[in-house]
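Subject: Structure handover

Hello,

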Amino acid sequence: MLTKVYSAALHGADALEVEIEVNEGSGDPKVIIVGLPDAAVKESKDRVTTAMANSGYRWPRGRTTINLAPADIKKEGPSFDLPIAIGMLAIVQGRDLPRLADCCIAGELALDGAVRSVKGVLPIALEARRRGKPVLIVPAENADEASVVQGLSVHGVRNLRECFEFVEGQRKIPPTVSDLDTVFHRNQQFDVDFADVKGQAGVKRALEVAVAGGHNLLVLGSPGAGKSMLAKRIPTIMPAMTLEEAIETTKIHSVCGLLAGKHNFIAIRPFRSPHHTISDVGLLGGSANPSPGEVSLAHHGVLFLDELPEFRRGTLEVLRQPLEDRCAVISRAAGTMTFPADLMLVAAMNPCPCGYYGHPKRECRCPQGQIERYRQRVSGPLLDRIDIHIEAPPVEYDALTSRAPEESSAVIRARIEKVRARQAVRFGDTLKPALNARMQPRHMREFCQISAGCHALLKHAMEDLHLSARAHDRILKVSRTIADLAEAESISEDHLLEALQYRSLDRSVMM
């Protein structure tokens, strides 16, 4: 007897439908799994047979062959336990289960028959809908996550018997229903606000310019200047995520198993801050079977690299391709995966190893050569890809204790949204996303025209600071954003001077 059950396998940040064929033949009792399974899938035969026995069922007594099609895609993880068990039970019962053709099933089995949660349920749900499967059966813990996909009847099950009786039609399990708009807006809450930040008006201005135009940014300052505190508040001034962006981001977090409880839907822009000991694979993604890294977990949000020179130079260099292409391409023996990585890079660093070079009140004890070596840990090509370099001075006592209200994130975000709308009108369908930082040469020729006085000013800066061609283009893009904040049609010398001021690491020996 042959039975077919449908599930899905994770493939990068998406899922692909898998048809599980279960066939009972003659011969010694044995379960064979084929179709390019990994170790976890091969072990499922032991989990499944034990779970069936402990749930009061017997397993097929003949030679059982389980094929996971298509056979050329590697199947990973324990999410095939539940559909394999359902297929084997259909054979044991000796009858067809017509409802199986309409179902997509995923879940891990415990030895007592309980169904455990699995990762990647959101992309599985999206694939089930794409394939026209109206019913999705998942672990009860994953039901809320899957229910945000409209057009599916999502049923959460707690054990194997409950699942099989539902498929048989002997048990009713009410579908899990979520109001996507309600979930989306409920999760758009921030725990921090720019109103909490005292002083640092210059840095706040640079952050506003960076977010308005989608520019990468580096903050240079002594310990305690507030670099990390400011960076953590950047998502609060970024325009609210669209529903499409939220689903794309949530998919990646689902594949990595980072969704749980009330955080089963990402509705605010992610803020990822990996430790400086992170590996290339952890940052970019990879491993034997490629999975998303931090650059993809920060998709549509912020990747914050604190203590930038402390990261291994080779690790930082892998950022260059994702920053240019807005995606991370991972090539391994198992295949090539492309993960989205449309992010804003924000980095922070001390001015020297001790942290007090240029401090108005504390003396730096670092030799000049040591300072230069410290800063040169960050390569020139990577710095070229960071549009704005800003210095964060120490906060004065009067500013720290002032009772004067600071601008809230909502007020700053309103100005930024106005500038983003202006860019959307300017670029139309010719640039997606419509951000000044993403302008191509043809856009710059049209929208970054400058006067003769600006040309002379920029030429002088290029010669004095020995700027690269890439830095030249980024200065013009930042100037365009500053002009947009001022609601100016053309770039003036004032806009250009402010943009040049944001290249502090290009001055002299990056001082």
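Below is what was found in it, grouped by topic.

This is a predicted model, so local features need pLDDT of at least 70, side-chain atom pairs count only at pLDDT 80 or more, and totals for chains, interfaces and linings use all residues. Residues are numbered from 1 along each chain as its sequence is written, and side-chain values use heavy atoms, with hydrogens and water left out.

Salt bridges

A salt bridge here is a side-chain nitrogen of Lys or Arg within 4 Å of a carboxyl oxygen of Asp or Glu. The whole structure holds 31 of these salt bridges. One of them joins Asp81 and Arg47, at 2.7 Å from N to O. Asp81 sits in helix H3 (residues 81–93) and Arg47 in helix H2 (residues 44–54), so the pair ties together parts that are 34 residues apart in sequence. Helices (H or I, at least four residues) and strands (E, at least two) are DSSP runs, numbered from the N terminus. Asp81 and Arg47 are both buried. Buried means under 20% relative accessible area, exposed over 50%, and partly exposed in between (1.4 Å probe, protein chains only).

Glu406 pairs with Lys204, with the closest N and O atoms 3.0 Å apart. This pair links distant parts of the chain, 202 residues apart. Glu406 is in the loop between helix H17 (397–401) and helix H18 (409–427), while Lys204 is in helix H8 (residues 201–213). Glu406 is partly exposed, at 26% relative accessible area. Lys204 is buried, at 13%.

Glu127 and Arg131 form another salt bridge, again with closest N and O atoms 3.0 Å apart. Glu127 is buried at 6% relative accessible area. Arg131 is partly exposed at 43%. There is also a salt-bridge network, made up of Glu324, Arg385, Asp387, Arg470 and Arg474.

Nonpolar cores

A nonpolar core is a set of buried Ala, Val, Leu, Ile, Met, Phe, Trp, Tyr and Cys residues joined through side-chain atoms within 4.5 Å. The largest has 52 residues. Leu217, Ile234, Val346, Ile388 and Tyr502 have the most contacts inside it. H8 gives the most to this core, with 7 residues. Apart from it lies another core of 39 residues, among them Ile66, Ala90, Cys163 and Val167.

Take Ile388. Leaving aside neighbours within four places in sequence, Ile388 is in contact (heavy atoms within 4.5 Å) with residues including Ala206, Val209, Leu217, Val478 and Tyr502.

Backbone points to check

Most residues other than glycine have a negative phi, and most peptide bonds are trans. The bond from Ala69 to Pro70 is cis, with omega near 5°. Pro70 lies in the loop between strand E4 (63–69) and H3. The bond from Lys432 to Pro433 is also cis, with omega near -5°. Pro433 lies in the loop between H18 and helix H19 (441–447).

Leu36 has a positive phi of about 60°. Leu36 is in the loop between strand E3 (30–34) and helix H1 (39–42). Glu487 has a positive phi too, near 60°. Glu487 is in the loop between helix H21 (469–485) and helix H22 (493–501).

Cavity and pockets

The search ran on a 1 Å grid over the protein atoms alone: a cavity is a set of points where a 1.4 Å probe fits but cannot get out, a pocket is an open set with protein on both sides within 12 Å along at least five of seven lines, and lining residues have an atom within 4 Å of a point. Grid points are joined across faces, edges and corners, and a volume is the space filled by probe spheres set on the points.

The count is 1 cavity of 30 Å³ or more. Its lining includes Glu127 and Arg131, the salt-bridge partners above. E1 gives the largest share of that lining, 3 residues.

The largest pocket has a volume of about 690 Å³. It is lined by 21 residues, with Asn187, Gln189, Asp191, His263 and Ile268 nearest its centre.

The second largest pocket holds about 590 Å³. Of its 23 lining residues, Glu245, Arg269, Arg420, Pro433 and Leu435 are the closest to its centre. Helix H10 (243–255) and H18 each give two or more residues to that lining.

Best regards
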